[in-house]
Protein chains: 2
Amino acid sequence: MHPTIKREVLMSRFLSERFAEIEPYTPGEQPQDFDYIKLNTNESPYPPSPKVLEAVNAEETAKLRLYSDPEVRQLTQEIAEFYGVRPTQVFVGNGSDEVLAFSFLAFCDADHPVCFPDITYGFYKVFAQLFCLDAQQIPLQEDFSVRVEDYCDCGRMVVLANPNAPTGLSLSTDQIERILQTNPDHIVLIDEAYVDFGGESCIPLLGRYPNLIVVQTFSKSRSLAGARLGFAVASEELIEDLNKMKFSFNPYNINRLSILAGTAAMNDKAYFEQCREEILSTRSKTKAALEQLGFQVLDSKTNFLFVRHPDLSGDDYTRQLRKKSILVRHFSQTRIKNYVRITIGTPKQMETLLEATKEILAIRRQEL
Amino acid sequence: MHPTIKREVLMSRFLSERFAEIEPYTPGEQPQDFDYIKLNTNESPYPPSPKVLEAVNAEETAKLRLYSDPEVRQLTQEIAEFYGVRPTQVFVGNGSDEVLAFSFLAFCDADHPVCFPDITYGFYKVFAQLFCLDAQQIPLQEDFSVRVEDYCDCGRMVVLANPNAPTGLSLSTDQIERILQTNPDHIVLIDEAYVDFGGESCIPLLGRYPNLIVVQTFSKSRSLAGARLGFAVASEELIEDLNKMKFSFNPYNINRLSILAGTAAMNDKAYFEQCREEILSTRSKTKAALEQLGFQVLDSKTNFLFVRHPDLSGDDYTRQLRKKSILVRHFSQTRIKNYVRITIGTPKQMETLLEATKEILAIRRQEL
């Protein structure tokens, strides 16, 4: 069994030559059974809001014979209300990956290159390859923080995950504002997939920066990874650009039940807050416990921890946990190969993780 | 209220110049209330299989916190079994539009142009615009049939809807085979969205033609337009090419509930056959009744009729029906502007359509 899915090198003689070298994204493993404690893809350990379970009912399932609303009005409206923007400032995608794909397609081309950190969400460089873009990967600093100056007046579209993944580190909106101010002729896309776990959202900056796109997702803080919902908030003009892409690629991009699920989840603010606070509390306790065991733990503003231990390689730790039916995520990039990314689960799951980790460290110490 | 949604001409100064002239697809109107008899977008008048309603339940909705399977194995397996192919020969998309988009992206480029009929699914020319392709639109013959010779040895990817939309006319697999044989170095994509209503599928030809891609959808014959599911069946190599696009664009393209719904629908062969036969019977009766009223009705192998009446313009007939709360689809292209496309609904809905049509014709005759 493979820890990750690798796309085969197989290709037909019909595939456009520009894709000969493409390296598709490798998603985290998604076992379809429940034999694992799944801390590898930053899902919520809590089910969606009870309102979601009410909204997705037999009556609505019977209506699946009818197309969904290509304008996704109901969900767009609910998101707009939550964030205090106009519905025309919201674009909903089939997961935030689709929103990102449409953004790269719309705003980059042979004359409009892009940049992002060397250590960040691995999909950005795949989009750049897919659309044959000049992509500059700017190294994070030694401590994995983003050096703001690197992105000022940089002559490219800027894509920053904030908080960043897999580091969990965050920039302040003041820092992002400097990037926005110094790049008035380029899009600055802030991917806020994890912002609800302690980051500062840039949505309040929208009125002042027509070059800003904020992207968020329902996959983490809203417990709907399996519904495939992400969204962008930006100026009306930029949202209309994204709509042009969608209506030229896949107009009915959101299915009926996900529209209902997303609307109910966005509407249930109390449940959202409750889950979020639970995760922040568990994160804080888990971080302290791992540090007690000798781990270095980065300052996470997300629902995961990025950790390393002097006595354990990232690869080894991941494999040992897997033997104990716990999945975490390891990345093979040189700079972070000693790290492991651990999603914050329930308190009980984290207890199990900590127990397993103690056992692994005990055996490791006998070996040393 | 507008009969169709037109994308606004608004664009930002950040949008890539190659999209300055793009004309996105205009979907048929999807009113979100139930005040209309909806015969405008070729949905099934019957709800999805009872097995779909069993499969989409509260337990599964609670699992929406977890990502869906990016390999869509369960549904891929079910489709493969239904058509007697290997699972590695099946690609599932978020609607067949996404399958088509990935196909244009994968197999066409500046050196690899495409062709399709002038009267066909309006999205093909939008994909060609989106990906900046040289697209030849080959006129249908006077009677709206495809002239097979036009596509033989044509030096381009061939895209044919078979049966064609909005005409409803169909080619035989023998005719398609001639196109496949004379274009061994180009993809021939057969869009079989409507094939279950009397067309001949090209899936049995797959073993012999490595250049063939067959695309189908769950939106028509399987009553799941709102679940957004389409698929391609082709050689393993071509499917892997499509997977390369998907895993570079949106790996988790199908949500959890649609995977379950699609699997259940594909599995319930008896219900599928029953709905299909019902629609064929209603189509036959409706065609005869419209002909009795003086309509010319093309020979449909689909779940719609393409009709015109000597005393009524297509536009006028559409508007008059709308006043009577019946939606049908009218296209403004010159060659077909006198026609109207009418989806086959339930027998009762077609009775209402016929009554409304009689009233419209009676008033029209008084005016003449």
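Is B:Phe295 buried or exposed? B:Phe295 is buried, with a relative accessible area of 5%. Here buried means under 20% relative accessible area, exposed over 50%, and partly exposed in between (1.4 Å probe, protein chains only).

The model is predicted: local features need pLDDT of at least 70, side-chain atom pairs count only at pLDDT 80 or more, and totals for chains, interfaces and linings use all residues. Residues are numbered from 1 along each chain as its sequence is written, chains are lettered from A and ligands numbered from 1 in the order in which they are written, and side-chain values use heavy atoms, with hydrogens and water left out.

**Figure 1. The surroundings of B:Phe295.** B:Phe295 sits in the loop between α9 and β9 (296-297) of chain B. Helices (H or I, at least four residues) and strands (E, at least two) are DSSP runs, numbered from the N terminus. Not counting residues up to four places away in sequence, B:Phe295 touches B:Leu290, B:Val307, B:Arg308, B:His309, B:Tyr317, B:Thr357 and B:Leu361. Contact means heavy atoms within 4.5 Å. B:Phe306 is 11 residues from B:Phe295 along the chain, and their C-alpha atoms are separated by 9.9 Å.

**Figure 2. Helix α10 of chain B and its buried residues.** This helix covers residues 314-323. Its buried residues are B:Gly314, B:Asp316, B:Tyr317, B:Thr318 and B:Leu321. They pack against two helices of chain B, α9 (269-292) and α11 (347-367). They also pack against the strands β10 (304-308), β11 (326-327) and β12 (340-343) of chain B. B:Ser325 follows α10(B) and has a positive phi, near 65°.

**Figure 3. Chain A as a whole.** Chain A has 11 helices and 12 strands. Its radius of gyration is 21 Å, close to the 21 Å that the globule rule gives for 368 residues, so chain A is as compact as a globular protein of that length. The radius is taken over C-alpha atoms, and the rule is 2.2 Å times the number of residues to the power 0.38. Along its principal axes the C-alpha trace spans about 60 × 50 × 50 Å. Of the 368 residues, 63% count as buried. Among contacts in chain A with a separation of 6 or more, 73% come from residues 24 or more positions apart.

**Figure 4. Helices α9 and α11 of chain A.** Two packed helices are described by the angle between their axes and the distance between the axes. Axes are lines fitted to C-alpha atoms, for helices over the stretch in contact, and angles run from 0 to 180 degrees between N-to-C directions. Helix α9 (residues 269-292) and helix α11 (residues 347-367) of chain A pack at about 15°, with axes 10 Å apart. α9(A) and α11(A) are therefore roughly parallel. Angles under 35 degrees count as roughly parallel, over 145 as roughly antiparallel, 65 to 115 as roughly perpendicular and the rest as oblique. From α9(A), the contact uses A:Glu278, A:Thr282, A:Thr286, A:Ala289 and A:Leu290. From α11(A) come A:Pro347, A:Met350 and A:Leu354. By class, this contact has 5 nonpolar, 2 polar and 1 charged residues. Ala, Val, Leu, Ile, Met, Phe, Trp, Tyr, Cys and Pro count as nonpolar, Asp, Glu, Lys and Arg as charged, and the others, Gly among them, as polar.

**Figure 5. Helices α4 and α7 of chain B.** Helix α4 (residues 96-107) and helix α7 (residues 236-249) of chain B pack at about 105°, with axes 9 Å apart. α4(B) and α7(B) are therefore roughly perpendicular. In α4(B), the residues in contact are B:Phe102, B:Ser103, B:Leu105, B:Ala106 and B:Phe107. They meet B:Leu238, B:Asp241, B:Leu242, B:Met245, B:Lys246 and B:Phe249 in α7(B). The contact divides into 8 nonpolar, 1 polar and 2 charged residues.

**Figure 6. A:Glu98 and its contacts.** A:Glu98 is found in helix α4 (residues 96-107) of chain A. At 0% relative accessibility, A:Glu98 counts as buried. Leaving aside neighbours within four places in sequence, A:Glu98 contacts A:Gly93 and A:Asn253, and also B:Phe249 and B:Asn250. A:Glu98 and A:Asn253 are 155 residues apart in sequence and 9.3 Å apart in space, C-alpha to C-alpha.

Figure 7. Most residues other than glycine have a negative phi, and most peptide bonds are trans. A cis bond joins B:Asn162 and B:Pro163, with omega about -5°. Another cis bond joins B:Ala165 and B:Pro166, with omega about 0°. B:Pro163 lies in the loop between β5 (157-161) and α6 (173-181) of chain B. A:Cys132 has a positive phi of about 55°, and is partly exposed at 44%. B:Arg228 has a positive phi of about 60°, and counts as buried at 3%.
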